[in-house]
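Please look at the sequence and the model shown here before reading on.

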Amino acid sequence: MGYSTVLLDFDYTLLDSDASSRAAFGNLMAACGVGDPTEHLPGFEVINTALWRQVERHELTPDEVHVLRFELLSPKIGSPLSPQEMADIYSEGMGANGELYPGALELLDTLAGRASLAMVTNGVGAIQRARVARLDLGQYFDAIVISGEVGTAKPGREIFDITFDRIGRPSKADALMVGDSLSSDIRGGSEFNIDTCWYNPHGASAGPGASPTHVIPSLQDLSSVVID
């Protein structure tokens with residue numbers, strides 16, 4: 001089959017976002033005077049995940065999540081900092097921490113010479129831009145589209161329309177959306193009528209209603225999907 005246009009998710013697809021979040025949260029808890037950051041990390045993850053699900057449903061924007069998650073967390077830990085101060089410290093830590101998954105850079109090197117690449121990510125603009133700059137990823141992408149900057153999020157078709165506009169409206173028949181999230185990446189790509197590739201390193205079940213065109217257990221497998 002092969003594809004000449006590849007849309008790539010960022011968090012949990014190319015980037016080890018768990019490591020990024022843990023490091024950022026540890027820095028934040030130290031600033032709040034909390035001795036053991038792991039005590040409150042599970043509660044924060046529940047709050048954060050629920051809010052990002054609301055972003056996918058277009059009930060919240062990423063910029064609203066940026067502070068709201070700490071408005072909800074602060075009473076639970078008795079933070080001496082304001083939610084805005086907590087958000088700023090966490091944001092700085094998120095931008096400064098987290099590395100690409102093994103093989104991700106080699107994959108980008110391979111794909112960039114064979115296809116037009118676009119990053120399509122749900123996230124806060126300042127955080128994602130800091131990560132992209134630190135990891136020197138801008139050279140690989142013809143467009144980097146961040147939901148917090150464009151005011152719409154995956155799985156909505158608007159963010160895909162914006163991305164396609166920025167890369168010259170390529171043929172949908174030759175385009176592929178790659179990501180780890182069934183609810184965001186795979187649903188969004190499918191509803192935009194392009195093929196999808198589910199990055200599924202943990203061997204999860206897709207469940208009813210989800211039908212990715214391709215499923216890969218490792219990033220290295222994506223090359224054979226794109227370059228057929």
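## Terms and source

In what follows, Ala, Val, Leu, Ile, Met, Phe, Trp, Tyr, Cys and Pro count as nonpolar, Asp, Glu, Lys and Arg count as charged, and the others, Gly among them, count as polar. By that division, the lining of the largest pocket holds 14 nonpolar, 13 polar and 11 charged residues.

The model is predicted, and local features need pLDDT of at least 70, side-chain atom pairs count only at pLDDT 80 or more, while totals for chains, interfaces and linings use all residues. Residues are numbered from 1 along each chain as its sequence is written, and side-chain values use heavy atoms, with hydrogens and water left out.

## The largest pocket

Rolling a probe the size of a water molecule over the atoms shows where empty space is left.

Helices (H or I, at least four residues) and strands (E, at least two) are DSSP runs, numbered from the N terminus. At least two lining residues come from each of helix 1 (17–31), helix 2 (41–56), helix 4 (83–96), helix 6 (125–134), helix 9 (182–191) and strand 5 (195–199), and helix 2 gives the most, with eight residues.

## The chain as a whole

The protein chain has 10 helices and six strands, and its C-alpha atoms fill a box of roughly 55 × 35 × 35 Å along the principal axes. The radius of gyration, taken over C-alpha atoms, can be set against a globule rule of 2.2 Å times the number of residues to the power 0.38. For 228 residues a compact globule would have a value near 17 Å, and the 18 Å of the protein chain agrees with this.

Buried means under 20% relative accessible area (1.4 Å probe, protein chains only), and 50% of the 228 residues count as buried. A contact means heavy atoms within 4.5 Å; among contacts with a separation of 6 or more, 63% join residues 24 or more positions apart.

## Four buried residues

S17, in helix 1, has 2% relative accessibility and therefore counts as buried. Leaving aside neighbours within four places in sequence, S17 is in contact with D11, Y12 and Y101.

N122 lies in the loop between strand 2 (116–121) and helix 6, and is buried because its relative accessible area is 13%. Beyond four places in sequence, the contacts of N122 include D11, W52, K154 and S184; a polar atom of the N122 side chain lies 2.9 Å from the backbone nitrogen of K154. S184, found in helix 9, counts as buried at 4% relative accessibility and touches E56, N122, K154 and P155, again not counting residues up to four places away. S184 and D9 are 175 residues apart in sequence, yet their C-alpha atoms are 9.5 Å apart in space.

A175 belongs to strand 4 (residues 175–179) and, at 0% relative accessibility, counts as buried. With residues up to four places away not counted, A175 touches Y3, T5, F164, I194 and D195.

How values were computed:
Polar contact = N/O pair within 3.5 Å; in protein donor to acceptor, adjacent residues only side chain to side chain.
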